[in-house]
Amino acid sequence: MTREAPPAGLLLAAGEGRRFGRPKALLEVDGERLADRGARMLRDAGCAPVLVVSGAVPLEVAGAVVVPNPDWREGMGSSLRAGLAALPPGCPAVLVALADQPGVTAEAAGRLVAAYEGGARIAVATYGGAPRNPVLLAAEHVAAAAAAAVGDRGARAFLRSRPDLVTPVPCDGVAVPDDIDTPADLATFIRRGVG
């Protein structure tokens with residue numbers, strides 16, 4: 001019996017970083033851009049292929065397929081739709097992560113992959129019991145998630161409408177889902193040495 005293909009990894013990295021003052025995908029932590037860090041995290045979690053959605057600035061990310069999103073100004077929903085539309089045919093599932101959450105680790109993402117391999121069709125990382133990122137969607141839920149992705153909501157509306165499908169995956173202690181939205185957030189993240 002052949003093993004099913006691994007889930008793809010999808011990193012949303014298209015925003016302009018309005019509150020930060022520049023695109024966050026280009027910010028560096030320990031000499032590594034957030035776009036590269038997020039793509040590496042997905043690869044290390046066992047995702048293949050890895051896709052990175054770009055928008056405000058063109059990106060090249062080693063080991064990843066870059067998916068340009070010409071509609072990035074519409075918000076994260078357009079980036080999620082662009083990335084999901086670019087998944088290769090026959091892709092069994094996709095693990096979606098955000099470039100501006102560098103404290104999300106391969107160990108946390110790997111827990112979602114393990115949940116999927118154990119039968120979960122939608123897996124969501126939780127911290128203190130609250131759902132956050134990343135999120136894993138099996139192929140049969142990709143179209144519904146894309147249809148619900150509007151504005152800056154991403155897959156949130158779809159996930160809230162179908163809690164019966166969601167498998168929560170605790171990631172406390174192995175990841176921190178804090179967003180890097182401002183220079184102060186980045187300074188705090190670096191000072192804490194998270195991730």
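Visitor: How is helix α2 (residues 76-85) placed, enclosed or open?

Guide: Start with burial. Buried means under 20% relative accessible area, exposed means over 50%, and partly exposed lies in between, with a 1.4 Å probe and protein chains only. Helices are DSSP runs of H or I with at least four residues, strands are runs of E with at least two, and both are numbered from the N terminus. In α2, 7 of the 10 residues are buried, so the helix is largely enclosed by the rest of the structure. This is a predicted model: local features need pLDDT of at least 70, side-chain atom pairs count only at pLDDT 80 or more, and totals for chains, interfaces and linings use all residues. Residues are numbered from 1 along each chain as its sequence is written, and side-chain values use heavy atoms, with hydrogens and water left out.

Visitor: Which residues of α2 are buried, and what do they pack against?

Guide: The buried ones are G77, S78, S79, L80, A82, G83 and L84. Contact means heavy atoms within 4.5 Å. The buried residues of α2 pack against strands β1 (8-12), β4, β5 (65-68) and β6, and against helix α4 (142-148).

Visitor: How do I read the overall fold?

Guide: Count elements, then check dimensions. The chain has 6 helices and 9 strands. The radius of gyration is taken over C-alpha atoms, and the globule rule is 2.2 Å times the number of residues to the power 0.38. For 195 residues, a compact globule would have a value near 16 Å; the chain has 15 Å, which agrees. Along the principal axes, the C-alpha atoms fill a box of roughly 45 × 35 × 30 Å. Buried residues make up 50% of the 195. Among contacts with a separation of 6 or more, 68% join residues 24 or more positions apart.

Visitor: Where is the largest nonpolar core, and how many residues does it have?

Guide: In soluble globular proteins, nonpolar side chains tend to be buried together. A nonpolar core is a set of buried Ala, Val, Leu, Ile, Met, Phe, Trp, Tyr and Cys residues joined through side-chain atoms within 4.5 Å. The largest one here has 34 residues, and those with the most contacts inside it are L42, V52, L59, L95, L112, L136 and C171. Elements giving two or more residues to this core are α1 (34-44), β4 (50-54), β6 (93-98), α3 (106-117), β7 (122-127) and β8 (130-138). Helix α3 gives the most, with 5 residues. Apart from this core lies another, of 27 residues, among them A8, L10, V142 and A149.

Visitor: What does C171 contact?

Guide: Leave aside neighbours within four places in sequence. C171 is then in contact with A108, R111, L112, A125, T126 and Y127. T126 is found in strand β7 and counts as buried at 6% relative accessibility. Beyond its own neighbours within four places, T126 is in contact with P131, P168, V169, P170, C171 and D172.

Visitor: What about V124, buried or exposed?

Guide: V124 is buried, with a relative accessible area of 3%. V124 and T167 are 43 residues apart in sequence and 6.3 Å apart in space, C-alpha to C-alpha. With neighbours within four places left aside, the contacts of V124 include L112, P134, L159 and T167.

Visitor: Where does S54 sit, and what does S54 touch?

Guide: S54 is in strand β4. S54 is buried, at a relative accessible area of 5%. Not counting residues up to four places away in sequence, S54 touches A13, A14, L59, V66, V67, P68 and N69.

Visitor: Which backbone angles deserve a look?

Guide: Most residues other than glycine have a negative phi, and most peptide bonds are trans. D30 has a phi near 55 degrees, a positive value in a residue other than glycine. D30 lies in the loop between β2 (28-29) and β3 (32-33), and is exposed with a relative accessible area of 76%. The peptide bond from A48 to P49 is cis, with omega near -5 degrees. P49 is in the loop between α1 and β4. A cis bond also joins N133 and P134, with omega about 0 degrees. P134 is found in strand β8.
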